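Please walk me through this structure in the viewer. Tell me what to select at each stop and what is there.

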Amino acid sequence: AYSVLPTIILLLTISGLVNGAIGTAREWESQTVKELLLSPAPRSSIMIGKILAGFLITFVLGTFVLLIGYLLGWTKPEGIYWLTTLLALALVALMSSSLGVALGAAIQRIQAVAGVSVNVAFYLFFLAGGTGVIAFSPQILQNIAAFIPLTYGRHALEMAVFYSSTDLLGRDVLVLLASAFIALLLCFLSMRRSLVN
């Protein structure tokens, strides 16, 4: 049961990164992005639409896996902790989808972006202590994990699902929100740079 939550975090990260990156790169590679940019819609709306599409797919996938775990008795958030669980899932999905769209706009090739996005997802997952308890890892890995946003998403999920607690929820939410905001900025910067070139 303990490995279900890291698996959900991994699924959210891979889904958000890969879907966002490939969807965006496809627009550049097929040059349909030119049609989108010539439409009366603002560029920010185009990017937000891509991010929301990746976010919805990723969030629904994470919620579905969480519900399967609940039906099998592996995950049991109770009462208000359903909300904190869904909030953590949503923030990880938003961050990974935004990062995926940024990668897609920066790289612009489907084959290249697929490999990069999967590798980024796995590195983030493993550096966040996805395969074990981070407190038992060497100190250098604990220091690195402190800078990986997935560490805070995983912590928020574990507190809500296993311990029915909001311990450090404010910190976890702030880190995930800041990470999602930085990923959104990267999206707009990648889009702007790609349009200039």
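The tour below goes from a pair of helices to a cavity and then to a pocket. Keep in mind that this is a predicted model.

**Stop 1: two packed helices**

Select residues 81-107, which form helix α4, and residues 110-127, which form helix α5. These two helices pack at an angle of about 145°, and their axes are 10 Å apart. The crossing of α4 and α5 is right-handed.

**Stop 2: the cavity**

How many cavities of 30 Å³ or more does a search of the whole structure find? The search finds one. The volume of the largest cavity is about 30 Å³. Select I9, F125, A128, G129, G130, L150 and R154 to display its lining. Four of the lining residues are nonpolar, two are polar and one is charged.

**Stop 3**

Next, select I134, A135, T151, H155 and E158. Of the 15 residues that line the largest pocket, these are the closest to its centre. The pocket holds about 320 Å³ of space.

Now colour α6 (139-145) and α7 (149-162), each of which supplies at least two residues of the pocket lining. Which element gives the largest share of that lining? The answer is α7, with five residues. By class, the lining of the largest pocket has nine nonpolar, three polar and three charged residues.

Definitions and conventions:
Residues numbered from 1 in each chain as written. Predicted model: local features only at pLDDT ≥ 70, side-chain atom pairs only at ≥ 80, totals over all residues. Heavy atoms only, no water. Axes fitted to C-alpha atoms, helices over the stretch in contact; angles between N-to-C directions. Helix = DSSP H or I, 4+ residues; strand = E, 2+ residues; numbered from the N terminus. Left-handed = near helix turned anticlockwise from the far one by under 90°. 1 Å grid on protein atoms, 1.4 Å probe; cavity = no way out; pocket = protein on both sides within 12 Å on 5 of 7 lines; lining within 4 Å. Points joined across faces, edges and corners; volume = space filled by probe spheres on them. Nonpolar A, V, L, I, M, F, W, Y, C, P; charged D, E, K, R; others polar.
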